[in-house]
Amino acid sequence: MIRKLLTSKKGSSSILVMLLMVVLVVFGIAALTTALSNARLGQKVADRAESYYAAESAAFERFAAIDKAITNAPPHDAISGLNAMRFDTQIAQVDGGVTITYETWSGDVGIRCVLAMTDGDIGSLHITEWIQTTRDD
Amino acid sequence: MIIHAIRNTLRQGSRNEKGFTLVEVIISIAALGIICAVLLRLFVLAGATNNQANDVQDAQIAVTSAVEVLAASDTVYDALDALGISHSDSITAESFVCPKDGYNLIIDLAARGDYPGTLYDISVSAQADDKDLAAISTSTYYKEQTHD
Amino acid sequence: MRSRGKVLAIESIVVMLTLILFAFVVFLVIDAGTGAYDKILGEKDTTQSARVAYSYIDAKIKQHDKQDCISVTETAFGNTLRIDSGAYTTYIFYADGALFECLAKADTPPKISAANKITDLGGIDLVDSGDVIHIRCTCGSGEARRVVEGTVGLRS
């Protein structure tokens with residue numbers, strides 16, 4: 001019975017059509033998978049950018065707050081204006097000036113900011129470092 | 001298989017029916033045509049998905065570039081000049097549209113807080129056919145620019 | 001009898017012709033399928049190279065944004081991104097169809113023999129506008145040419 005079935009050539013073109021369909025479906029799925037992986041990569045890039053700019057937003061807000069604190073501080077005593085921020089901001093006195101270091105994070109992406117200003121010149125506050133970091137670093 | 005079929009049909013008075021029949025092949029071609037029309041949609045979908053992914057990634061770069069210019073400039077006016085956007089002399093809360101190839105870049109700026117300089121909330125998005133391809137929201141502080 | 005033989009011959013020829021048509025259609029369908037897949041894959045590879053190069057330079061700049069550390073300079077390889085970090089300098093440049101990164105001692109020019117290949121690339125253009133660096137990466141040629149361009153700002 002089986003031998004008869006195997007040696008029979010009836011419907012062999014239908015088998016060819018089925019094989020061809022399998023080949024086409026494989027190609028189609030491969031093409032769709034490639035396109036979907038491209039879309040997933042784009043989404044990953046967008047998510048990473050969102051995290052970075054969220055961290056940067058917090059960093060600029062802190063910069064603005066520091067600028068305000070220094071402007072409102074007594075003359076030649078900028079550090080006293082930053083006292084309220086000491087617990088999450090590193091303040092160091094260097095030759096003739098002050099450096100202020102802080103970090104902001106959003107998920108795995110962070111920004112390490114270093115600001116510097118000359119003693120007695122509150123208008124001299126400026127950014128010296130603005131470095132992207134990740135949790136692995 | 002084909003040679004066997006030819007030999008058999010050419011044999012005088014042969015009633016051997018092994019091999020392909022005309023009906024069988026015609027039905028196979030018809031079935032092939034119908035199934036191909038359905039499977040073609042798979043390839044069209046793959047192509048469309050790929051094109052959309054490319055458009056989204058290009059828009060993401062354009063949006064990021066605009067945000068970078070806004071963040072790195074000394075004042076918001078310098079940034080808008082660098083982006084080629086005309087503006088008034090005083091910006092507190094305003095929206096700008098910058099046409100690019102294939103989409104519109106929309107920049108929303110809103111000043112907030114009370115600081116020596118100006119802190120802006122920035123939202124930049126790339127829109128095509130009323131759909132957001134990419135969008136970024138952030139804030140930037142312009143120390144050199146006094147709050148209006 | 002003879003006419004019956006003729007009918008059988010015509011029938012067999014028609015069957016053969018239909019078989020040939022069937023085989024031709026099968027070939028066409030497979031060719032279209034492989035063509036579509038090749039096109040999607042090829043386009044993805046070309047665009048990805050340019051995007052990888054752009055992302056790499058973007059990330060390098062953001063990870064080393066210190067005052068007076070980043071600049072665009074002219075070297076033997078043309079437009080080169082230069083990142084100064086104390087005793088060493090990192091150069092990122094295009095040469096021999098690829099993007100390279102070279103870590104050299106400060107004030108030493110970059111050498112391709114000491115450089116690491118980042119990705120295959122068609123070309124790169126860097127313009128330093130003071131506060132921002134414009135980056136333009138190209139990959140592929142002719143109809144398959146892809147350009148990825150953008151801007152990275154220097155906050156410091």
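Which residues have the most contacts inside the largest nonpolar core? In this predicted model, they are B:Val63, B:Ala66, B:Val67 and C:Cys137, and the core to which they belong has 91 residues.

**Chain A**

- The secondary structure of chain A consists of 3 helices and 4 strands, and, when the elements are read from the N terminus on, they follow the order α-α-α-β-β-β-β.
- Chain A has 137 residues, of which 28% count as buried.
- If one takes the contacts in chain A with a separation of 6 or more, 36% of them are accounted for by residues 24 or more positions apart.

**The largest nonpolar core**

- Among the residues with the most contacts inside this core are B:Val63 and C:Cys137, while the largest share of the core, 17 residues, comes from helix 2 of chain A, which covers residues 12-72.
- In soluble globular proteins, nonpolar side chains tend to be buried together.

**A sheet in chain C**

- In chain C, 3 strands form an open sheet in the order 6-7-8, and their pairing is antiparallel.
- The edges of this sheet are strand 6 (123-128) and strand 8 (146-153) of chain C, each of which pairs on one side only, and from one strand to the next the twist averages 10 degrees.
- Strand 6 of chain C is joined by 6 bridges to strand 7 of chain C (residues 132-139), and these two strands run antiparallel; as one example of the pairing, C:Val127 has C:His134, in strand 7 of chain C, as its bridge partner.
- Helix 2 of chain B (residues 22-72) packs on the sheet, where it touches strand 7 and strand 8 of chain C, and the direction of this helix makes about 25 degrees with that of strand 8 of chain C.

**Contacts between chains**

- Where chain A meets chain B, 32 residues of chain A are in contact with 36 residues of chain B, and the residues on the chain A side divide into 18 nonpolar, 8 polar and 6 charged.
- The contact between chain C and chain A takes 19 residues from chain C and 16 residues from chain A, and on the chain C side the residues divide into 8 nonpolar, 6 polar and 5 charged.

Definitions and conventions:
Residues numbered from 1 in each chain as written. Chains lettered and ligands numbered in written order. Predicted model: local features only at pLDDT ≥ 70, side-chain atom pairs only at ≥ 80, totals over all residues. Contact = placed C-beta atoms within 7 Å. Nonpolar A, V, L, I, M, F, W, Y, C, P; charged D, E, K, R; others polar. Buried ≥ 20, exposed ≤ 12 C-beta atoms within 10 Å, placed from the backbone. Core = buried A, V, L, I, M, F, W, Y, C linked by C-beta atoms within 7 Å. Pairing = 2+ DSSP bridges. Axes fitted to C-alpha atoms, helices over the stretch in contact; angles between N-to-C directions.
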